[in-house]
Amino acid sequence: MSKPSIPQGTRDFSPAEVRKRQYIFNTLRTIFELYGFQPLETPAMENLTTLTGKYGEEGDRLIFKILNNGLHEKKEADKEKLNSEWSKMLEKPFSSPIVTERALRYDLTIPFARYVVMHQNELAFPFRRYQMQPVWRADRPQKGRYREFWQCDADVVGSTSLINEAELLCIYQSAFHNLGLTQVTVKINSRKLLAGIAELCGTPELMMDITIALDKLDKIAWEGVTKELQERGISEAGISHVEKVINVKGNNEEKLYALQEIMKDSVTGMQGINELKQALAYHKELADAAWDSRLEVDVSLARGLNYYTGVIVEVACKAVQMGSIGGGGRYDDLTGLFGLKGLSGVGVSFGIDRIYDVMEELKLFPEQLASGADVLLINFGGENELYALGVLKQLRSAGVSAELYPDVVKFDKQMKYANKRGLQYVILPGDEERQKGMLSLKNFNSGEQKMLSVDECIEIIKKN
RNA sequence: GAGGCUGUAGCUCAGUUGGUUAGAGCAUCAGAUUGUGGUUCUGAGGGUCGUGGGUUCGAUCCCCAUCAGCCUCCCCA
């Protein structure tokens with residue numbers, strides 16, 4: 001017999017971990033609902049053709065594909081085809097519907113776009129939805145990177161208003177505030193601003209190259225970026241333009257003001273700046289002064305996914321060495337990929353596994369999440385067992401979460417069980433208690449024990 | 001796709017410059033204590049030293065291969 005194990009990059013979540021994760025989910029769900037977003041769930045698997053080509057070349061490689069069933073049952077003619085397709089797959093990155101036609105969900109945005117197109121006639125636009133489900137990526141696991149992880153997304157489709165951007169920024173800030181996660185920075189930029197930079201360089205077609213190089217600024221510093229820009233074919237004049245842009249300092253207003261001067265010859269760039277200004281202006285009206293996460297215009301922010309077209313955001317927590325804990329942006333024609341033109345969308349994503357890791361490292365989970373039921377009834381067997389069942393019923397109908405030890409085993413074993421479970425109270429329904437119609441209630445934290453009626457027990461337990 | 005580190009009890013890890021019977025802590029079980037847990041004491045069980053091969057009189061240790069896990073780059077949540 002082999003040792004039991006789980007696939008690389010996946011995890012079991014033990015009770016205490018699930019409680020903490022639910023705490024995050026519940027916090028986010030409350031906010032999403034408060035902002036008027038509706039819940040949506042989509043299948044764990046999608047047709048492979050729905051996913052391929054949406055995440056770039058690297059993304060395609062990371063899609064978990066599902067092998068078709070019943071390959072051995074194919075007719076002989078099909079098997080020849082199967083063999084040749086299989087050979088191709090061994091030579092190069094290649095997929096064939098005869099071998100695999102389904103794949104695990106890679107993110108929540110593309111399935112959402114697919115859903116919107118399929119249900120366009122039923123939906124009231126602008127459609128606001130939130131979705132909290134696992135996604136899978138065939139990446140190599142490392143710190144903060146899993147092959148199965150959960151995303152919580154909020155998107156609005158069918159509206160170009162920058163109020164949406166402002167609302168989503170508020171959702172981020174509100175969520176991190178409610179989770180007690182400080183030292184969070186929400187970075188904001190615009191793809192149009194990046195396009196404007198490329199225009200200024202005289203090489204608008206190299207926007208992606210400039211973007212990718214610029215994105216590495218905090219890792220490889222300006223010198224490294226310069227080198228990379230040279231390698232990617234940007235002229236010296238262009239590089240000096242880029243340098244001017246990234247050297248813009250100050251608060252958000254000052255930065256945008258300065259960028260306006262630099263960008264004045266680029267229509268697209270100016271558009272990006274104006275959008276940022278407008279989004280921030282709306283945000284100012286909507287934001288709560290108590291939220292302490294920073295909102296920072298960062299022209300080096302790029303975002304990998306290639307469907308973004310407008311404002312883009314990314315969230316980082318400076319207190320912990322960890323990749324981004326969230327990201328998002330506007331995509332002008334996402335549903336166009338599935339044949340529905342002219343619908344603009346904007347959304348944000350929370351990486352809840354990373355948020356969990358960060359909160360764990362910073363010890364931000366509330367203490368009381370750890371415990372489960374409130375009280376254990378000791379099983380003394382015989383008539384006492386029946387007496388205990390009656391008490392159990394009363395406790396539960398009063399809303400006290402309670403359990404009876406199901407087996408008649410040694411007293412100290414039952415007590416040890418209660419202790420290990422971290423329960424607050426133990427009730428001893430023994431001979432004496434039963435005869436008096438009372439209960440002994442023991443508080444496990446103080447060690448104090450009293451003979452009480454059921455109602456008194458309920459009152460004390462509920463008060464705690 | 002490239003590179004680095006680590007595989008010894010259920011868990012976390014010692015260990016042997018190659019030697020007979022491989023250890024500790026935690027956990028588990030039993031007892032001290034058959035209606036009082038969390039503290040303490042006593043005892044017990046538990047290992048193909050990741051797998052395969054090589055060197056050797058002898059390998060958990062050295063060499064090669066392989067698998068798995070962790071980490072870094074790339075990319076991302």
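This is a predicted model: local features need pLDDT of at least 70, side-chain atom pairs count only at pLDDT 80 or more; totals for chains, interfaces and linings use all residues.
**Exercise 1. Find out where Ser159 sits, whether Ser159 is buried or exposed, and what Ser159 touches.**

Step 1: Start with the place in the chain. Ser159 belongs to the loop that links β6 (148–157) to α6 (163–178).

Step 2: Look at the accessibility. Ser159 has a relative accessibility of 14%, so it counts as buried, because the cut-off for buried is under 20%.

Step 3: List the neighbours. Leaving out residues up to four places away in sequence, Ser159 is in contact with Pro126, Asn164, Arg330 and Ser344. With Asn164 there is a polar contact between the side chains, at 2.7 Å.

Step 4: Follow up one of these neighbours, Pro126. Pro126 lies in the loop between α5 (109–118) and β5 (127–136), and the peptide bond leading from Phe125 to Pro126 is cis, with omega near 0°. As background, most peptide bonds are trans.

**Exercise 2. Decide how helix α13 is placed relative to the rest of the structure, and which elements cover its buried residues.**

Step 1: Count the buried residues. Helix α13 spans residues 352–361, and seven of its 10 residues are buried, so the helix is largely enclosed by the rest of the structure.

Step 2: Name them. The buried residues of α13 are Ile352, Asp353, Ile355, Tyr356, Asp357, Val358 and Met359.

Step 3: Look for the cover. The elements over these buried residues include α1 (15–34), β6, α6, β9 (311–317) and β11 (345–351).

Step 4: See what comes after the helix. Lys363 follows α13 and is found in the loop between α13 and β12 (375–377). Lys363 is not a glycine, yet its phi is positive, about 55°. With a relative accessible area of 71%, Lys363 is exposed, because the cut-off for exposed is over 50%.

**Exercise 3. Work out which residues Ser349 touches, and which side chain makes a polar contact with the side chain of Ser349.**

Step 1: Check the burial. At 12% relative accessibility, Ser349 counts as buried.

Step 2: Collect the contacts. Beyond residues up to four places away in sequence, Ser349 touches Gln151, Cys152, Asp153, Tyr172, Ile325, Gly326 and Gly327.

Step 3: Pick out the polar contact. The side chains of Ser349 and Asp153 form one at 2.8 Å.

**Exercise 4. Describe the surroundings of Tyr417.**

Step 1: Find the element. Tyr417 is in helix α15, residues 411–421.

Step 2: Tyr417 counts as partly exposed, with 28% relative accessibility.

Step 3: Name the contacts. Apart from residues up to four places away in sequence, Tyr417 touches Leu376, Glu403 and Tyr405.

Step 4: Tyr417 and Tyr405 are 12 residues apart in sequence, and their C-alpha atoms are 8.9 Å apart.

**Exercise 5. State which domains are assigned to chain A and how far apart their centres lie.**

Step 1: Read the bounds. Domain 1 of chain A is 15–64 + 106–361, and domain 2 is 371–463.

Step 2: Compare the centres. The C-alpha centres of domain 1 and domain 2 are 52 Å apart.

Methods: Residues are numbered from 1 along each chain as its sequence is written. Chains are lettered from A and ligands numbered from 1 in the order in which they are written. Side-chain values use heavy atoms; hydrogens and water are left out. Helices (H or I, at least four residues) and strands (E, at least two) are DSSP runs, numbered from the N terminus. Buried means under 20% relative accessible area, exposed over 50%, partly exposed in between (1.4 Å probe, protein chains only). A polar contact is a pair of N or O atoms within 3.5 Å; within protein, one must be able to donate a hydrogen and the other to accept it, and residues adjacent in sequence count only if both atoms are side-chain atoms. Contact means heavy atoms within 4.5 Å. Domain bounds come from an automatic or database domain assignment.
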